Amino acid sequence: MKRFSAAFLILMCVLCLTACREDRGDVTAKPVIYLYPEEETQVTVKLDYAGELTCTYPAYDDGWTVTAQPDGTLTDAAGQTYSYLFWEGVDTAAYDFSQGFCVAGDDTAAFLENALSQLGLTRREAGEFIVYWLPQMQDNPYNLIAFQSDAYTRTAQLTVTPEPDTLLRVFMAWTPLERPVELPAQSLTAPARIGFTAVEWGGCRVSPSDL
């Protein structure tokens, strides 16, 4: 149903191109996963994805196993360090726009700063989210935005071992619009970040014709 893209730079690399819709399904590009244990911890992350993985970094070999530091630095078995785990894939998920926000393009940066704070992202995490999405959104007359939970977590289930005390997943579906629309506003909340915290953020750009 949709053209997907979702989250931002592989460490030290240039931003990837926004993924295009393919006949085989919808492209979910660049969700990223941060891990913040309270002390140095070996962590395994597995993704049960209702689709086909097309790219991962570091390589997904029946899961990721890394040593995570409290500041979020991840180190693999070869000694390579990362800021987060990255994946993309192809699926056929459908997203809910019955509630959300219609935001003028010029107001997108301020809207995202406020919304992502309410959804529990840190300033650094939100900044990385905004740097990826803002160039695609700010020049549109309007953007229809709805943060997803149920549909996304059904499509891409995470298993983190040891289990985090707090799991925070933020996923934004949006589409550009020529004219504003009215819809009920979503209530944006987040759990308190307590103990070992795992965070994922992403998003998808939906074609207006698919709404």
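**Entry 1: strand β10**

I began with β10 and β12, which run antiparallel and are joined by seven bridges. I count two strands as paired if DSSP finds at least two bridges between them. Helices (H or I, at least four residues) and strands (E, at least two) are DSSP runs, numbered from the N terminus. Within this pair, Leu-144 stands opposite Thr-175 in β12.

I then looked at the pairing of β10 with strand β9 (residues 101-104), which is antiparallel and has four bridges. Here Phe-101 stands opposite Ile-145 in β10. Six of the seven residues of β10 are buried, and I noted the strand as mostly covered. Buried means under 20% relative accessible area, exposed over 50%, and partly exposed in between (1.4 Å probe, protein chains only).

**Entry 2: basis of the values**

The model is predicted: local features need pLDDT of at least 70, side-chain atom pairs count only at pLDDT 80 or more, and totals for chains, interfaces and linings use all residues. Residues are numbered from 1 along each chain as its sequence is written, and side-chain values use heavy atoms, with hydrogens and water left out.

**Entry 3: the chain as a whole**

I find three helices and 13 strands in the chain. The chain has 211 residues, of which 51% count as buried. I also looked up contacts, meaning heavy atoms within 4.5 Å. Of those between residues at least 6 apart in sequence, 81% join residues at least 24 apart.

**Entry 4: helix α2**

The 15 residues should span 21 Å, and the end C-alpha atoms are 20 Å apart, which agrees. I noted a bend of about 35° at Val-131, with a proline, Pro-135, following within four residues. The bend is the angle between axes fitted to the seven residues ending at a residue and the seven starting there.

The buried residues of α2 include Phe-129, Ile-130, Trp-133 and Met-137, but also Glu-125 and Glu-128. Among the elements that cover the buried residues of α2 are β2 (32-36), α1 (108-118), β10 (142-148), β12 (166-177) and β13 (197-205).

**Entry 5: Leu-116**

I picked Leu-116 in helix α1. Leu-116 counts as buried because its relative accessible area is 0%. Leaving out residues up to four places away in sequence, Leu-116 touches Leu-121, Ala-126, Phe-129, Ile-130, Phe-147 and Val-170. The C-alpha atoms of Leu-116 and Phe-129 are separated by 8.9 Å, and the two residues are 13 apart along the chain.

**Entry 6: nonpolar cores**

I take a nonpolar core as a set of buried Ala, Val, Leu, Ile, Met, Phe, Trp, Tyr and Cys residues joined through side-chain atoms within 4.5 Å. The largest has 30 residues, and those with the most contacts inside it are Ile-33, Leu-35, Val-45, Leu-85, Trp-87 and Tyr-95. Strand β3 (residues 41-49) gives the largest share of this core, four residues. Another core, of 29 residues, lies apart from it and includes Val-32, Leu-119, Ile-130 and Ile-145.

**Entry 7: the open sheet**

I traced an open sheet of five strands in the order β7-β6-β5-β3-β11, with antiparallel pairing. β7 (81-82) and β11 (156-161) stand at the edges with a single partner strand each, so one side of each has no neighbour in the sheet. Strand β6 (residues 74-75) and β7 run antiparallel and are joined by two bridges. The bridge partner of Leu-74 in β7 is Tyr-82.

**Entry 8: backbone in the loops**

I looked up two cis peptide bonds. The bond from Tyr-57 to Pro-58 is cis, with omega near -5°, and Pro-58 lies in the loop between β4 (51-57) and β5 (64-68). The bond joining Thr-161 and Pro-162 is also cis, with omega about 0°; Pro-162 lies in the loop between β11 and β12.

Asp-62 is also in the loop between β4 and β5. Its phi is near 55°, a positive value in a residue other than glycine. Asp-62 counts as exposed because its relative accessibility is 56%.

**Entry 9: cysteines**

I looked for disulfides, taken as pairs of cysteine sulfur atoms within 2.5 Å, and the count is zero. Cys-55 is partly exposed at 31% relative accessibility, whereas Cys-204 is buried at 0%.

How values were computed. Expected span 1.5 Å × (residues − 1).
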